[in-house]
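Please consult the sequence and structure shown here alongside the text.

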Amino acid sequence: MNGPSIPAAGHSTPDPRPLPWISVAPHAPYFVDETGAPWTPIGQNDAIEWPDLNGLFRRRDLPAVDRHLAWLAAHGVTCLRLMVEYAQGRHRYLERPAGVFVPAMVQWWDDMFALCERHGLRILLTPVDTFWMWLRWRDHPWNAAKGGPLAHMREALTCPVTRDAIKARLTFMVTRWGGSGALFAWDLWNEIHPAQANDTVDCWPEFIADLSHHVRGLEQRLYGRTHPQTVSLFGPELDHHPELDMATPIFRHPDLDFATIHIYRHGSIDDPRNTVAPAVAMGRIVRDCLAEITDRRPFLDTEHGPIHRFKDKKRTLPAAFDDEYFRHMSWAHLASGGVGGGMRWPNRHPHVLTHGMRDAQRAMAGFLPMVDWARFDRGNRSAAVTATGFHRFACASEAQAVIWLLRRGTPAGDGRVDAAAPPRSPRVTLPGLSPGRYRITGWDTVAGTVVETIEVAAAKAVHFTPAPIVADRAFAINRLA
């Protein structure tokens, strides 16, 4: 490939004990590493120009980024979703001009992979920033007016010359960083959209198949194995354009390993007034997405947050409110059958997650070992659970279940759940588990600690009465015999 002189493929500080690669569990819609140990993506979206990672550019402050990644790992974070370039400005393009890879950006990624390997973090990587490419198209190196292959983003999915450019970029990425266990998976195309194919989706299956086969074939030749693949979608488009069949390629494409959308439900999630309605919306969306999947592929949200409040209204949510909103969304996602807690787009000023959100991630990470995810062939069971006075979010297999209960009707004046409300102990029922004896572990989602352990015998349903709950509680349910 023509371009500037770039250091040989590899990483600046190779780890003598490389991270094991991630794959889909063979018997459950979750992930495992190559040793068979469960692995769950706990993390968020980040970007090259945002405050936490900006010190990597031209190696201006590597120690600060190193300390930050260590801090993330200590808070249970396992995964960052990143775009290989961030096109909001004009100084972080991977190529300039098209086909010529910028040494400073290549070095940024060499360092990022090395640091992630050191701290046991992984990256969900996408080769394009379609949102800012569209809005800043005039300046992008792929623009034909700048000597690139593409006249307009409306032809991004259909232009054969652009397809070659996309595959050339992916070839570079696979060759240079694809051998690393720090790469969790490929999001082959960020927020695929009908407008990128002149308002149709007819080409989507072929486009996805072409990129998928290109990446998978190259990885197989170079490394003898492959990383998982997905393609993301701005979730509201499923409602905005019901006449277009977007669900089939997003949820059921035979070449993709897991499904993902970006969950920005209008009003309840993108501009929240309280912290309960977003959780209810998240639970319903996860349930509906699982219903679209006809095989055992995992599903996870890879973007969510108060985008309308932040981007359009230019307002940042108060930290205390946002922390609870974030925690509620995360547990609604996990308990409804999604993998992990979803991946927040910060939508804050500054553009980083709060310490309260990091505490929530650490609390969820503490809960994860209570479930045997590699054997948890779950289905959404939210509608089957009864617990008077609480919103119910649940998923279950024959021998395991996760339930999260969120208090109804107790809003405080600032939109959060009223912490002074009298606690309640609902009688909880979950039908459908196989007969046996079960251990039920109640989990404090704020403190990240066990609240209680209950053992019950079940015939046709599990019944239990937890210790009093003020706001919310998660439960891991496991059959003992």
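The points below are grouped by topic. The model is predicted: local features need pLDDT of at least 70, side-chain atom pairs count only at pLDDT 80 or more, and totals for chains, interfaces and linings use all residues. Residues are numbered from 1 along each chain as its sequence is written, and side-chain values use heavy atoms, leaving out hydrogens and water.

**Aromatic pairs**
- The whole structure holds 25 aromatic pairs (ring centres of Phe, Tyr or the six-membered ring of Trp within 6.5 Å; planes under 30 degrees apart are stacked, over 60 edge-to-face, the rest tilted).
- W21 and Y223 form an edge-to-face pair, with ring centres 6.1 Å apart and planes at 65 degrees.
- Because W21 lies in the segment before β1 (22-24) and Y223 in helix α5 (residues 204-223), this pair ties together parts 202 residues apart in sequence.
- W21 is buried at 5% relative accessible area (buried is under 20%, exposed over 50%, partly exposed in between; 1.4 Å probe, protein chains only), whereas Y223 is partly exposed at 26%.
- F101 and F172 are stacked, 4.0 Å centre to centre with 5 degrees between the planes, and both are buried.
- One aromatic cluster comprises F101, W108, W109, F113, F172 and W177.

**Charges over rings**
- R92 lies over the face of F57, 3.6 Å from the ring centre (NZ of Lys or CZ of Arg within 6 Å of the centre and within 35 degrees of the ring normal).
- R225 lies over the face of W21, 4.1 Å from the ring centre.

**R473**
- R473 is buried, with a relative accessible area of 7%.
- A polar atom of the R473 side chain lies 2.8 Å from the backbone oxygen of P468.

Note on methods: Polar contact = N/O pair within 3.5 Å; in protein donor to acceptor, adjacent residues only side chain to side chain. Helix = DSSP H or I, 4+ residues; strand = E, 2+ residues; numbered from the N terminus.
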